[in-house]
Amino acid sequence: MEKIKKKRNKIIFIVIVLLLVLIIGFGISKLIPEGNAVSGDEIAVIQVFGAISFSDSGIPFQGRNANAQTIIDNIEKAKAKNVKAVVFEIDSPGGTVVASKQVAEAIRRLNKPTVAVIRETGASGAYWIAASTDKIVADELSITGSIGVISSYLEFSDLLNKYGVEYARLVSGKYKDIGSPLKDLTDEEKELLQKKLDLVDEFFVGYVKERRNLTNEEVNRIKTGEFFLGKEAKDLHLIDYTGNKEFAIKLAKDIGNVKDAKVTEFKEKKTLLDLFSSYTSEAFYYMGRGIGTEISNIDVKKSSNLDIIA
């Protein structure tokens, strides 16, 4: 009994210490000045790295995540009077349609000279963002374009049937479970989904045509969803220059009509609280390891896992 009491007191003590450190860390983080504060003439550099999404968890199988809200918040910060131009440093395969569209709209509202520089990849939704800037620079061997949308997914119905697992379909509307990986798409459902994808694609292609002032012939060449190397993209008028980040910054200074502006990297601010949270979450996991393991294994799925990706 005494041993249990000591163990319980020890756990309580650890929890109290962790909570105190959290509170202190939060207080100190509030005293730290914003890392993105600007003074004097500035060229802001805003990163778009990874799959573009409003979700912190990102897009499955797309690697790192570019949080669209963080990018939009940085665009708002770049509205400061002393920011003379903004460079969008892009290395992204694209992202969800709404996230890409809303970042593009935020760039259009910026009302400052803007330059996009595509490092390794600026495809699909990432190119949508790039097309919203005044000038686009890309490495001559970068992957650019891939103008189109996709909503493919894995389907497990045959695998489930193999093991005698049946999909018990209970829905309130005939299309409520459209796109469920647990059943085959009917021809009617495929046609319905394709029409919606075509509508999004028409909007995307039309936007690129307008922003890049493309001819119908050039539009027919790019709307296949094909990706192009930077040097090919220049010939197709999808970009303005081949070059690197340094060239893009120099270009931004030129169109921003400044010579000696300081370059400021606008990145997601990491506070002491953020860093400590990653540690405490792991610590609390190990303190409570084993509790609720069965519950944690329950994976609640949406009625449809279809995402339209640009």
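1. Leaving aside neighbours within four places in sequence, Thr114 is in contact with Val86, Phe88, Ile107, Ser132, Thr133, Asp134, Lys135 and Ile255. Contact here means heavy atoms within 4.5 Å. Thr114 lies in strand β5. Its relative accessibility is 2%, so Thr114 counts as buried. Buried means under 20% relative accessible area, exposed means over 50%, and partly exposed is in between, with a 1.4 Å probe and protein chains only.

2. On the basis of the note: this is a predicted model, in which local features need pLDDT of at least 70, side-chain atom pairs count only at pLDDT 80 or more, and totals for chains, interfaces and linings use all residues. Residues are numbered from 1 along each chain as its sequence is written, and side-chain values use heavy atoms, with hydrogens and water left out.

3. The protein has 11 helices and 10 strands. These are DSSP runs numbered from the N terminus: helices are H or I with at least four residues, strands are E with at least two. Of the 310 residues in the protein, 39% are buried. Among contacts with a separation of 6 or more, 74% are between residues 24 or more positions apart.

4. β1 runs parallel to strand β4 (residues 83-92), and 8 bridges join them; Val48 has Ile90 of β4 as its bridge partner. β1 also pairs with strand β10 (residues 262-266), in the parallel sense, over 5 bridges. There, Ala44 stands opposite Thr264 in β10. Two strands are said to pair if DSSP finds at least two bridges between them.

5. Which residues of helix α9 (residues 245-255) are buried? They are Lys245, Ala248, Ile249, Leu251 and Ala252. Seen down the axis of α9, these buried residues fall within an arc of 160 degrees, so they line one face of the helix. The arc is taken from the directions from the helix axis to the C-beta atoms. Exposed residues Glu246 and Lys250 sit on the face of α9 turned away from the buried side. The buried residues of α9 pack against several strands, including β1, β4, β5 and β10.

6. Both ends of α9 can be described. At its start, a side-chain oxygen of Asn244 comes to within 3.3 Å of the backbone nitrogen of Glu246. After α9 comes Asn257, which has a positive phi, near 60 degrees.

7. Helix α2 (residues 68-77) has the buried residues Ala68, Thr70, Ile71, Ile72, Asn74 and Ile75. Their cover includes β1, β4, β10 and helix α3 (97-108). At the start of α2, a side-chain oxygen of Asn67 reaches to within 3.0 Å of the backbone nitrogen of Gln69.

8. Confidence needs a comment. The mean pLDDT, the predictor's confidence in each residue from 0 to 100, is 78 for the protein, and 67% of the residues reach 70 or more. Over residues 29-39 the pLDDT is below 50, and beyond near neighbours in sequence this stretch has 19 contacts in the model. Residues 271-304 also stay under 50, with 28 contacts beyond four places in sequence. Confidence is lowest in helix α11 (residues 293-296), at a mean of 38, and highest in β6, at 98. Where pLDDT is low, the predicted coordinates should not be read in detail.

Technical notes: A polar contact is a pair of N or O atoms within 3.5 Å; within protein, one must be able to donate a hydrogen and the other to accept it, and residues adjacent in sequence count only if both atoms are side-chain atoms.
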